[in-house]
Amino acid sequence: MTQPLIGKIALVAGATRGAGRQIAVQLGAAGATVYATGRSSRAGRSEMDRPETIEETAELVTAAGGTGIAVQVDHLVPEQVRDLVARIDAEQGRLDVLVNDIWGGDPLVTWNKPLWEQPLDAGFRTLRLAIDTHIITSHFALPLLIRRPGGLVVEMGDGTKAYNDDNYRLSVFYDLAKVSVNRLAFSQAHELKPHGCTAVALTPGWIRSEAMLEHFGVTEENWRDGAATDPHFLISETPAFVGRAVAALAADEEKARWNGRSVDAGTLSKVYGFTDLDGSQPEGFRYIVEVADAGKPADVTGYR
């Protein structure tokens, strides 16, 4: 296995679980040194109250062939992010990849309720977790990233710009959060271009995170049984798929062609040739638009 990212330094902010964890792991598999940050550690859980920890993520990065470094950080606290970046600078002297994957808003979202029935405190907390964390992290990390041309910023969200422009995401606060993340990539792209760096908005398809597997009452070994609950679940993908998308972007010497764009993992798989763990290339958002949202019977033929 080739490791095109040997010598590269990555910060995956929000690497405790789900997409963030596997982005860190796949960057490690490509040879990178990865700082994996989040609030949940073996020292204590975040408000998500889940068992996954950043220490586990760092161990998985190292086992995959990289170097994983766990740092407990609340990305809403500027001083903690400032100190994190200062540590990366002191220890590595460079930053090549920044992935803003901080979220943590799942327990706060109220679905299918109009704005006037939404709890404001939870809604504003959702926006802070989804948007403020990304801005704070980029504010402190970008001066280190732009020291060398070729740096990459990935803003992780849910839904491409094209999809979110045309579809209401079932909650005013969630909708605003996910639209904003895509716009942050667009804005940073303009500011990074003069420095030879790139910003991309990236989304997975229907991702089989730890929480999603629990929701469907399945494991990664028998995940297809989830189709009994929702037949469209057969288009779902592992978090490793979007992780490989980030690793492919980071290794691309012509990554500037993606600057300011919003793209999904399935589209990138066709460009770079990577697959999910089962060897497939699920095109989640094309399927969602053409089959699920169109009200057609579940059929993944031609989509993975």
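**Close-ups of a predicted model**

**View 1. Helix H8 meets helix H9.** In this predicted model, the axes of helix H8 (residues 239–251) and helix H9 (residues 265–272) come within 9 Å and cross at roughly 50°. That angle makes H8 oblique to H9. The crossing, as H8 passes H9, is left-handed. On the H8 side, the residues making the contact are Phe241, Val242, Ala245, Ala248 and Leu249, while H9 brings Ala265, Gly266, Leu268, Ser269 and Tyr272. Sort the residues of this H8–H9 contact by class and you get eight nonpolar, two polar and no charged.

**View 2. Helix H3 alongside helix H4.** Here helix H3 (residues 78–92) packs against helix H4 (residues 120–145) at an angle of about 20°, and their axes are 9 Å apart. Angles under 35 degrees count as roughly parallel, so that is the label for H3 and H4. Their crossing is right-handed. From H3, the contact takes in Pro78, Val81, Arg82, Val85, Ile88 and Asp89; from H4, look for Ile136, Thr137, Phe140, Ala141 and Leu144. The contact of H3 with H4 has eight nonpolar residues, one polar and two charged.

**View 3. Inside the largest nonpolar core.** This core has 35 residues, and Ile23, Leu27 and Leu202 are the ones that touch the most other members. At least two residues of the core come from each of these elements: strand S1 (9–13), helix H1 (18–29), strand S2 (33–38), strand S4 (97–100), strand S5 (152–156), strand S6 (198–203), H8 and H9. H8 gives the most to this core, with eight residues.

**View 4. Ser171, a loop residue.** Ser171 is found in the loop between helix H5 (161–166) and helix H6 (172–192). Is Ser171 buried or exposed? Its relative accessible area is 1%, so Ser171 is buried. Leaving out neighbours within four places in sequence, Ser171 is in contact with Val109, Thr110, Trp111 and Gln118.

Terms used
Residues are numbered from 1 along each chain as its sequence is written. This is a predicted model: local features need pLDDT of at least 70, side-chain atom pairs count only at pLDDT 80 or more; totals for chains, interfaces and linings use all residues. Side-chain values use heavy atoms; hydrogens and water are left out. Axes are lines fitted to C-alpha atoms, for helices over the stretch in contact, and angles run from 0 to 180 degrees between N-to-C directions. Helices (H or I, at least four residues) and strands (E, at least two) are DSSP runs, numbered from the N terminus. Angles under 35 degrees count as roughly parallel, over 145 as roughly antiparallel, 65 to 115 as roughly perpendicular and the rest as oblique. A crossing is left-handed if the near helix is turned anticlockwise from the far one by less than a right angle, and right-handed if clockwise. Contact means heavy atoms within 4.5 Å. Ala, Val, Leu, Ile, Met, Phe, Trp, Tyr, Cys and Pro count as nonpolar, Asp, Glu, Lys and Arg as charged, and the others, Gly among them, as polar. A nonpolar core is a set of buried Ala, Val, Leu, Ile, Met, Phe, Trp, Tyr and Cys residues joined through side-chain atoms within 4.5 Å. Buried means under 20% relative accessible area, exposed over 50%, partly exposed in between (1.4 Å probe, protein chains only).
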